[in-house]
There are 2 protein chains.
Amino acid sequence: MEAINIGILGLGTVGSGVVRMLTNHAEKISSITGRRLVVKTIVVHDLSKKRSVDMTGIKVTDDVDAVLSDPSIQLVVEVMGTVETAKKYIEQALKAGKHVVTANKDLIATYGPELTSLALQQKCDLYYEASVAGGIPILRTIVNSFAADRIVEVKGIVNGTTNYIMTQMNQKGVSYAAALQQAQELGFAEADPTNDVEGIDAAYKMIILTQFAFGKDITLSNVKLEGISGVKLEDIEEAKRLGYKIKLLGISKLINEHLDVSVGPVLVPRSQPLATVQNENNAVFVTGAAVGETMFYGPGAGELPTANSVLSDIITVTKNIAMGTTGVRFNDYSAQIKLAESSEVVYPYYISLKVLDKPGQMLKITEIMTKENASFNLITQTELDEKNARVTMVTHEMSEAQLNRIKEQINAVDTIEVIAAYKVLGE
Amino acid sequence: MEAINIGILGLGTVGSGVVRMLTNHAEKISSITGRRLVVKTIVVHDLSKKRSVDMTGIKVTDDVDAVLSDPSIQLVVEVMGTVETAKKYIEQALKAGKHVVTANKDLIATYGPELTSLALQQKCDLYYEASVAGGIPILRTIVNSFAADRIVEVKGIVNGTTNYIMTQMNQKGVSYAAALQQAQELGFAEADPTNDVEGIDAAYKMIILTQFAFGKDITLSNVKLEGISGVKLEDIEEAKRLGYKIKLLGISKLINEHLDVSVGPVLVPRSQPLATVQNENNAVFVTGAAVGETMFYGPGAGELPTANSVLSDIITVTKNIAMGTTGVRFNDYSAQIKLAESSEVVYPYYISLKVLDKPGQMLKITEIMTKENASFNLITQTELDEKNARVTMVTHEMSEAQLNRIKEQINAVDTIEVIAAYKVLGE
């Protein structure tokens with residue numbers, strides 16, 4: 001059986017999983033692809049580090065040229081991370097006519113269009129299923145199963161760390177700080193959790209999902225971004241009383257044929273399937289004009305789930321090599337589409353305010369709301385501490401522009417402060 | 001742009017959806033496939049029937065040879081239903097070198113292996129994504145994304161009619177008969193609902209899912225089958241008190257490397273994602289050794305969701321034609337695997353008994369359980385009617401063989417009757 005030689009850049013968690021799965025499932029893979037996959041060379045940063053996988057017969061080196069300049073290696077798997085260095089190596093690999101599989105979300109979100117063009121020009125494959133939602137085959141599914149449909153919205157829980165923290169806050173009634181610490185102890189959050197908790201990681205994934213679902217390249221500055229570090233336990237509990245869970249959601253949505261992309265805490269009705277996604281799991285909810293509502297749920301990270309997505313890509317590339325059909329874009333759909341104005345983007349909102357406990361405050365709030373032509377379903381006032389009350393409301397639909405004006409005016413009142421203003425999802 | 005001529009057999013709900021979507025999304029499809037898809041001929045049963053879709057330029061006939069004998073038609077879409085007639089037409093199409101896309105679950109569950117071999121021999125494509133779970137791209141996902149993994153279990157809600165009935169019973173506290181009548185009025189259930197409510201439709205889908213997940217061809221007689229017509233509202237309410245929902249679940253599972261396939265009412269913990277699948281929706285839960293637990297949720301039927309799956313197949317075939325790569329099996333995985341013995345198949349069970357209300361009955365039950373070496377977590381007795389009590393228990397894990405012996409011995413006691421014995425799913 002003809003062999004295909006593979007070079008792997010990086011041997012961390014995902015890299016080790018890839019080597020392990022290629023070894024354990026060699027026979028099944030050969031029976032499907034008609035090719036024998038051979039890991040020839042692995043490039044690591046630290047040669048002295050102990051490794052947990054069997055590397056008999058594999059050359060391990062710290063010289064990247066051992067892969068990039070080896071003409072017998074047809075396929076390069078990049079699982080080393082970083083953006084600029086990984087980009088340089090992938091460009092070199094593509095220019096040498098090698099196919100590339102990567103799990104690098106930051107890289108693809110930042111340089112995806114550029115690398116895709118280079119791959120096309122070189123008649124090489126470039127696949128990156130593992131870059132979004134680890135073990136969930138969401139990119140492939142959009143390409144293969146929504147090709148004839150028209151996607152109107154993609155939303156999801158695409159960051160496991162923040163979903164773990166929100167689940168703990170919701171289930172155990174612990175504070176953000178306590179839940180974060182627990183996540184760090186369990187290895188679900190990094191020592192510096194900024195990238196996760198501020199929604200940046202989720203935003204990168206939404207950039208890639210937006211490219212697949214709507215055929216539109218956007219950048220981080222196009223994503224309206226709010227993290228979870230400001231989410232208060234009181235608001236989680238108030239949301240629970242109202243029948244909602246607060247989740248960090250990425251939403252990419254067509255509004256009047258314009259696109260709006262955001263990441264932030266959202267109130268999700270308890271009966272919505274996304275509300276049942278617990279702890280470090282991920283789920284992507286895709287709404288098609290024809291197919292309606294679908295959801296794809298699974299582990300968002302982890303050695304073997306992520307390695308499995310890398311393996312799916314490796315098998316796709318191998319089949320393409322075998323059939324002589326390499327050099328087709330992973331996602332071939334592109335469309336002209338504008339970003340939505342903040343006056344078009346309407347949602348109901350959950351607004352939570354800290355209000356000095358003296359007469360006339362509620363009047364000020366309702367005056368501002370009325371002036372901005374905004375109304376609410378529900379308003380409650382409870383005690384917050386000795387001096388302050390907490391006022392929460394669920395509004396009718398209002399535009400982002402309206403919301404921003406209301407927030408500005410409320411914050412200008414020195415006795416009232418906006419604690420939270422989160423989107424509310426319909427049933 | 002080169003055209004591909006399509007012939008469609010049948011113009012019911014799904015057929016109309018296919019024509020509608022091919023027309024509405026012609027441009028997007030051409031941009032992805034590089035081919036123009038032309039519906040040339042549609043074969044209908046009743047030429048005089050009014051149609052809701054625009055058929056300008058399409059030849060409509062009741063002569064199937066207008067499709068099967070037209071050498072300019074490269075692709076036949078079978079959405080007419082029936083088993084034997086559809087089989088005959090598909091065989092003729094394949095023998096004439098035409099590629100085939102079908103949504104016909106009964107046909108594929110019965111003659112899938114035979115038709116697949118014929119297609120392979122003729123170097124033709126045969127795709128049938130829409131045959132399982134309507135709008136959910138589950139077959140493709142198993143082929144593309146679990147190829148390097150080892151699936152250990154596929155379970156799911158794969159029949160919308162029964163899930164609608166169970167949801168209504170659970171949410172509204174109505175009886176089976178009332179929920180069925182409502183489903184019939186809304187068009188979710190047929191006048192003769194046997195195929196759905198007795199689990200036969202779900203079993204056909206499990207046959208196809210089993211083929212994809214485990215590479216094993218089975219027949220209807222290999223599926224342990226129980227429908228929902230015997231499910232009592234009292235058991236739904238008792239299950240609810242215990243934290244479960246009763247769902248009609250298909251389960252195909254590896255046990256000691258042997259396969260067990262069943263369809264029946266199952267107690268699903270409220271926190272399990274399958275428990276949140278409401279009304280006519282479907283969901284398939286796939287557990288991979290590497291990837292862990294994943295779930296794919298969406299509409300199980302309906303004109304456009306099902307048509308969308310047919311279109312995905314049409315696009316796949318078109319791409320294969322364009323790249324010259326037709327004639328590869330939809331699912332290329334096959335494995336030698338035995339069916340499990342009933343002594344190997346263990347689950348915890350929910351058992352519900354009707355017991356004549358006089359002393360000594362509980363003793364008889366516990367004697368039988370002890371004799372069969374079976375134990376329970378929980379046993380409750382409540383009043384059923386003037387003469388009878390209801391005893392329900394949740395057992396520890398026991399084998400099917402044990403369960404069958406217990407049921408037999410209990411039913412032999414003339415004062416006790418087994419009402420229900422359903423599997424209980426873990427968290």
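Select V391(B) and show what surrounds this residue. V391(B) touches I351(B), S352(B), L353(B), V355(B), M362(B), I365(B), I379(B), T380(B) and Q381(B), leaving out residues up to four places away in sequence. Contact here means heavy atoms within 4.5 Å. This is a predicted model, in which local features need pLDDT of at least 70, side-chain atom pairs count only at pLDDT 80 or more, and totals for chains, interfaces and linings use all residues. Residues are numbered from 1 along each chain as its sequence is written, chains are lettered from A and ligands numbered from 1 in the order in which they are written, and side-chain values use heavy atoms, with hydrogens and water left out.

Stay on V391(B). It sits in strand β16 (residues 388-395) of chain B. Helices (H or I, at least four residues) and strands (E, at least two) are DSSP runs, numbered from the N terminus. Is V391(B) buried or exposed? V391(B) is buried, with a relative accessible area of 1%. Buried means under 20% relative accessible area, exposed over 50%, and partly exposed in between (1.4 Å probe, protein chains only). V391(B) and I416(B) are 25 residues apart in sequence, and their C-alpha atoms are 9.7 Å apart in space.

Next, pick G112(B). Helix α5 (residues 105-121) of chain B holds G112(B). G112(B) counts as buried, at 5% relative accessibility.

Move to chain A and select T210(A). Look for T210(A) in helix α10 (residues 200-214) of chain A. T210(A) is buried, with a relative accessible area of 0%. Which residues does T210(A) contact, leaving aside neighbours within four places in sequence? They are G215(A), K216(A), I218(A), S252(A), L259(A) and V261(A).

Now select E190(A). UniProt lists E190(A) under "binding site", in an unreviewed entry. UniProt positions are given in the numbering used here, feature names are shortened, and annotations may be inferred rather than shown by experiment. E190(A) is in the loop between α8 (176-185) and α9 (194-197) of chain A. E190(A) is exposed, with a relative accessible area of 56%.

Then colour residues 350-427 of chain A. The unreviewed UniProt entry lists them as "domain: ACT". The span is 31% helix and 44% strand. Its end C-alpha atoms lie 15 Å apart.

Two helix pairs come next. Show α7 (residues 160-172) and α11 (residues 233-241) of chain A. They pack at an angle of about 70 degrees, with their axes 9 Å apart. That makes α7(A) roughly perpendicular to α11(A), a label for angles of 65 to 115 degrees. Axes are lines fitted to C-alpha atoms, for helices over the stretch in contact, and angles run from 0 to 180 degrees between N-to-C directions. M166(A), M169(A) and N170(A) in α7(A) meet L233(A), I236(A) and K240(A) in α11(A). These contact residues divide into four nonpolar, one polar and one charged.

Finish with α2 (residues 26-33) and α12 (residues 303-323) of chain A. Their angle is about 35 degrees, and their axes are 10 Å apart. On α2(A), the contact is made by I29(A), I32(A) and T33(A). On α12(A), the partners are L311(A), I315(A), T318(A), K319(A) and A322(A).

Technical notes:
Parallel < 35°, antiparallel > 145°, perpendicular 65-115°, else oblique. Nonpolar A, V, L, I, M, F, W, Y, C, P; charged D, E, K, R; others polar.
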